[in-house]
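Please look at the model first.

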Amino acid sequence: MLWGRCWRVGARLRGLRGGLQAPAESGRRGVVSCIDPSTGLNEEQKEFQKVAFDFAAREMAPNMAEWDQKELFPVDVMRKAAQLGFGGIYVRTDVGGSGLSRLDTSVIFEALATGCTSTTAYISIHNMCAWMIDTFGSEEQRHRFCPPLCTMEKFASYCLTEPGSGSDAASLLTSAKRRGDHYVLSGSKAFISGGGEADIYVVMCRTGGPGPKGISCIVVEKGTPGLSFGKKERKYLQFKLADMVARLVASRLMIRHAAVALQEGREDAVALCSMAKLFATDECFAICNQALQMHGGYGYLKDCAVQQYMRDSRVHQILEGSNEVMRILISRSLLQE
């Protein structure tokens with residue numbers, strides 16, 4: 001259940017000044033009690049984590065299966081999450097954000113994912129869109145778009161992946177051409193989480209020559225003429241459990257290490273984030289796949305949550321930069337050293 005749709009646009013857009021340039025314990029389901037996910041966190045981060053765990057257990061987990069089966073976009077629940085500060089976690093406070101770090105963010109998203117992985121994935125994408133506008137937008141854009149995004153009065157989606165280039169931004173073909181005080185934007189996007197439901201689309205498009213330096217980012221609002229969507233796209237054992245929890249903790253630590261590197265703006269941040277995405281999505285899919293195997297035939301039934309965990313974790317090996325692209329980025333950084 002990821003609310004993704006194909007995207008096509010031949011839209012006439014008003015020019016954007018200063019345009020965006022792409023340069024509770026009960027919530028801890030499935031975590032072995034002796035492996036404490038709060039290890040290494042400071043007291044403030046533990047509080048963030050507890051709030052997120054409690055919210056996941058109370059508001060998300062009881063509804064996860066229904067959202068999946070009925071393909072619901074849980075607007076009310078996500079707006080409740082925004083009331084806790086989860087709508088703009090690392091957006092600056094002057095436009096309504098929480099102003100937290102990437103490490104804080106990784107802790108919050110991990111806790112929310114115990115309630116519903118795919119809903120948390122969308123919330124993470126929404127946060128990324130709000131951060132992009134906050135970071136690269138003009139002051140007018142920041143104060144216009146960020147406050148309603150931080151409250152989730154409005155929802156945002158990120159538009160990168162294309163049929164011919166996957167998640168390789170340097171190869172995308174969607175283009176925006178200046179026509180007076182407007183841009184004419186044309187192209188197709190292969191999968192958009194929240195597609196058709198969101199109010200604001202942060203669109204990666206080509207405004208210059210080939211390669212990554214020719215890419216810009218444009219905000220497209222819902223209802224823009226020419227914007228349209230296609231159709232929507234559910235002792236052996238002891239040793240296995242030990243291996244699974246070891247993979248989970250290793251993934252967590254790698255993500256947190258990458259989050260710190262990104263927050264600090266270190267030179268190795270891209271490589272570390274690529275490694276974290278590659279490792280965590282591969283390992284967590286393997287964990288869910290093994291869990292389904294342990295359930296036997298019951299694991300495939302809709303009544304059993306493990307089948308949804310497996311599907312949700314599998315798609316994250318593709319979304320937001322496929323793991324093949326992550327390998328390219330990692331190897332590129334090695335070869336440059």
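## Hairpin

Strand 3 (residues 175-179) and strand 4 (residues 182-189) run antiparallel and are joined by five bridges. Strands are DSSP runs of E with at least two residues, helices runs of H or I with at least four, numbered from the N terminus. Strands pair if DSSP finds at least two bridges between them. Ala176 has Leu185 of strand 4 as its bridge partner. Two residues lie between the strands of this hairpin, and Gly180 takes a positive phi near 65°.

The model is predicted: local features need pLDDT of at least 70, side-chain atom pairs count only at pLDDT 80 or more, and totals for chains, interfaces and linings use all residues. Residues are numbered from 1 along each chain as its sequence is written, and side-chain values use heavy atoms, without hydrogens and water.

## Strand 5

Strand 5 (residues 200-206) is largely enclosed by the rest of the structure, because seven of its seven residues are buried (under 20% relative accessible area, 1.4 Å probe, protein chains only; exposed is over 50%, partly exposed in between). One side carries Ile200, Val202, Met204 and Arg206; the other carries Tyr201, Val203 and Cys205.

Strand 2 (residues 156-159) runs parallel to strand 5, with four bridges. Ser157 pairs with Tyr201 there. Strand 6 (residues 215-221) runs antiparallel to strand 5, with seven bridges. Met204 stands opposite Cys217 of strand 6.

## Asp104

Asp104 sits in helix 4 (residues 102-113). Leaving out residues up to four places away in sequence, Asp104 touches Gln45 and Phe48 (contact: heavy atoms within 4.5 Å).
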